[in-house]
Number of protein chains: 2
Amino acid sequence: MPSYTRRSECPIAFVLDLFGDRWSLLIVRDLVFKGKRYFHEFEDAGEGIATNILSDRLKLLVSQGILVKARDPEKGTRHIYGLTEKGFDLLPVLLDIIVWSAKHDPETVVSQDYLERATNDREALIKDLRAASQI
Amino acid sequence: MPSYTRRSECPIAFVLDLFGDRWSLLIVRDLVFKGKRYFHEFEDAGEGIATNILSDRLKLLVSQGILVKARDPEKGTRHIYGLTEKGFDLLPVLLDIIVWSAKHDPETVVSQDYLERATNDREALIKDLRAASQI
């Protein structure tokens, strides 16, 4: 079973201990923003995660109650991943990260419409993202 | 010069590549929420960062324009660290992380008043935190 070491009772350290490995939050991103559901889809996500690391991170996220792993209703021999409520509650963090990068990183490409929604119409955007990501 | 490797043009991967080492964002936390300014104060922050890692992360954060390093006006032989505008713009991310941990991590201790401000009075809280952290 994958695990992480907690360094303090600080709420920020808690999240960094959980997500600070550079990969876990990208899996959440792929679920929410890219509609990915299957192991092989996360594997192909673009940043080149190694198979064993992906496998470990998926187990960690399931064990922490952020993801659920279920049998694919369309093909019972394979599995599908989805976010729990705890996972969906990360959406404000992800949107703030997008807004920050769009402002401060010249290489980040985010449409003005999306930024506008992430900033001024956040609740509705979150609702749409949740609806589209529900398994 | 410390550096980081960028994996993609994704705004979330950008932040994780920069902060996903578990330490950098805790330095920002110490500046904003704990009033820390000096190297030795970050060193004593509680999570046990090694001196060489702290030194590396401070250089990285300065080189990325998130922190400034200045001579301490009270004692010119030592240095003081502060946040730039780009650094202060991380405050919404930090507040969302605190809100998430308070909701989902049973060991996180955040006062109800603080959570209330972080959720419903965010702009004023950010303004107060900025004013208190200005060097």
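**View 1. A hairpin of two residues links strands E1(A) and E2(A).** The model is predicted; local features need pLDDT of at least 70 and side-chain atom pairs count only at pLDDT 80 or more, while totals for chains, interfaces and linings use all residues. Residues are numbered from 1 along each chain as its sequence is written, and chains are lettered from A and ligands numbered from 1 in the order in which they are written. Strand E1 covers residues 67-72 of chain A and strand E2 residues 75-83 of chain A; they run antiparallel and are joined by six bridges. Strands are DSSP runs of E with at least two residues, helices are runs of H or I with at least four, and both are numbered from the N terminus. Two strands pair if DSSP finds at least two bridges between them. A:Ala70 lies opposite A:Ile80 of E2(A).

**View 2. Chain A has eight helices and two strands.** Along the sequence, their pattern is α-α-α-α-β-β-α-α-α-α. The C-alpha atoms of chain A fill a box of roughly 40 × 40 × 25 Å along the principal axes. Of the 135 residues in chain A, 35% are buried; a buried residue has 20 or more other C-beta atoms within 10 Å of its own, with C-beta atoms placed from the backbone.

**View 3. Helix H2 of chain B (residues 24-33) has nine of its 10 residues buried, so it is largely enclosed by the rest of the structure.** The buried residues of H2(B) include B:Leu25, B:Ile27, B:Arg29 and B:Asp30. Just after H2(B), B:Gly35 has a positive phi of about 65°.

Methods
Buried ≥ 20, exposed ≤ 12 C-beta atoms within 10 Å, placed from the backbone.
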